[in-house]
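The following note sets out comments on helix packing, nonpolar cores and selected residues. Please read the points alongside the coordinates.

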Amino acid sequence: MLNIVLFGPPGAGKGTQSKKLVNEYNLVHLSTGDLLRSEIKEGTELGLRAKVLMDEGRLVPDEVVIGMIRNKLNANPNAEGFIFDGFPRTEKQAEALDNLLTEVNESITRMIALEVEDAELVERLLERGKDSGRADDQDENVVKNRLKVYQDETAILKNYYQSQSKFTSINGFGSIDEVFERLSNSIRAAKEV
Ligand code: AMP
């Protein structure tokens with residue numbers, strides 16, 4: 001299996017690139033942000049509770065997102081691999097993901113981080129907010145809070161994967177196709193190991 005953690009701050013292009021990778025490598029795309037937004041759309045209790053945190057740019061509890069990922073892994077037993085997008089975001093989530101994969105004799109192949117400067121991220125997110133309908137993309141304070149949460153709580157996961165020799169960092173600045181080319185090169189290299 002090819003299991004990729006596509007990592008990076010909000011606005012780095014994880015969602016866009018995941019869609020292209022899914023087509024290229026026949027993977028299942030698991031985005032906890034997308035899963036949470038569909039809970040909100042369906043008006044579930046989980047969605048209602050998550051929305052309050054998401055609208056402020058804060059993380060939802062680990063147990064909630066870990067449970068969602070567990071369900072999706074179980075629901076796709078024949079997948080050729082997964083792209084994890086926006087998950088894990090904390091060390092607890094990273095450990096839980098390793099454990100869930102170990103249970104089925106699998107593991108993360110590579111964590112690939114898209115690096116983009118903060119000023120560019122703010123611009124991209126506010127631009128996306130004009131038609132994404134996402135409240136958390138429309139308010140500059142919320143956008144900045146999401147970037148702060150990423151720096152404070154999530155970026156440290158690079159060390160987690162580095163210590164497993166699974167970390168690759170790539171430049172996320174450039175056209176969608178340019179970034180995709182860099183990503184594909186990293187994945188090709190990871191598959192050869
Ligand atoms: P995203 O679509 O990945 O930018 O996520 C949007 C929002 O959903 C985040 O700002 C968090 O509030 C929440 N969220 C998504 N994924 C996670 C996660 N792995 N852990 C905690 N909160 C998450």
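1. In this predicted model, helix H4 meets helix H5 through Asp62, Glu63, Val65, Ile66, Ile69, Arg70 and Leu73 on the H4 side. The H5 side of the contact consists of Lys92, Gln93, Ala96, Leu97, Leu100 and Leu101. By class, the residues of this contact are 8 nonpolar, 1 polar and 4 charged.

2. As to the geometry of that pair, H4 spans residues 62-75 and H5 spans residues 91-103; their axes lie 10 Å apart, at an angle of about 25 degrees. Because angles under 35 degrees count as roughly parallel, H4 is described as roughly parallel to H5. The crossing of H4 past H5 is right-handed.

3. H4 also packs against H2. The axes of these two helices come within 10 Å and cross at roughly 100 degrees, which means that H2 is roughly perpendicular to H4. Thr32, Leu35, Leu36 and Glu39 of H2 are in contact with Val64, Val65, Met68, Ile69 and Lys72 of H4. This contact comprises 6 nonpolar, 1 polar and 2 charged residues.

4. How do the axes of H2 and H3 cross? They do so at roughly 120 degrees, coming within 8 Å, and H2 is therefore oblique to H3. H2 passes H3 in a left-handed crossing. Gly33, Leu36, Arg37, Glu39 and Ile40 form the H2 side of the contact, and Leu46, Gly47, Ala50, Lys51 and Met54 form the H3 side. These residues divide into 5 nonpolar, 2 polar and 3 charged.

5. The largest nonpolar core has 32 residues, of which Val5, Ile69, Leu73, Phe84, Leu97 and Tyr161 touch the most other members. At least two residues of this core come from each of the following elements: strand S1 (2-7), helix H2 (32-42), helix H3 (45-55), H4, strand S3 (81-85), H5, strand S4 (110-115) and helix H8 (157-162). Apart from this core lies another, of 21 residues, including Leu2, Tyr25, Leu125 and Val179. As general background, nonpolar side chains tend to be buried together in soluble globular proteins.

6. Leaving aside residues up to four places away in sequence, Val5 touches Phe84, Phe87, Pro88, Leu97, Ile108, Arg110, Met111, Ile112 and Tyr161.

7. Is Ser18 buried or exposed? Ser18 has a relative accessible area of 0% and is therefore buried. Ser18 belongs to helix H1, residues 14-25. Beyond residues up to four places away in sequence, the contacts of Ser18 are with Leu6, His29, Ile83 and Asp85.

8. Val22 is likewise placed in helix H1. With residues up to four places away in sequence not counted, Val22 touches Leu27, His29 and Ile83. His29 and Ile83 are also among the residues that Ser18 touches. Val22 and Lys51 are 29 residues apart along the chain, and their C-alpha atoms are separated by 27 Å.

9. Pro61 lies in the loop between H3 and H4. With a relative accessible area of 39%, Pro61 is partly exposed. Pro61 and Tyr160 are 99 residues apart in sequence, with a C-alpha to C-alpha distance of 20 Å.

Note on methods:
Residues numbered from 1 in each chain as written. Predicted model: local features only at pLDDT ≥ 70, side-chain atom pairs only at ≥ 80, totals over all residues. Heavy atoms only, no water. Axes fitted to C-alpha atoms, helices over the stretch in contact; angles between N-to-C directions. Helix = DSSP H or I, 4+ residues; strand = E, 2+ residues; numbered from the N terminus. Parallel < 35°, antiparallel > 145°, perpendicular 65-115°, else oblique. Left-handed = near helix turned anticlockwise from the far one by under 90°. Contact = heavy atoms within 4.5 Å. Nonpolar A, V, L, I, M, F, W, Y, C, P; charged D, E, K, R; others polar. Buried < 20%, exposed > 50% of the residue type's maximum accessible area, 1.4 Å probe, protein only. Core = buried A, V, L, I, M, F, W, Y, C linked by side-chain atoms within 4.5 Å.
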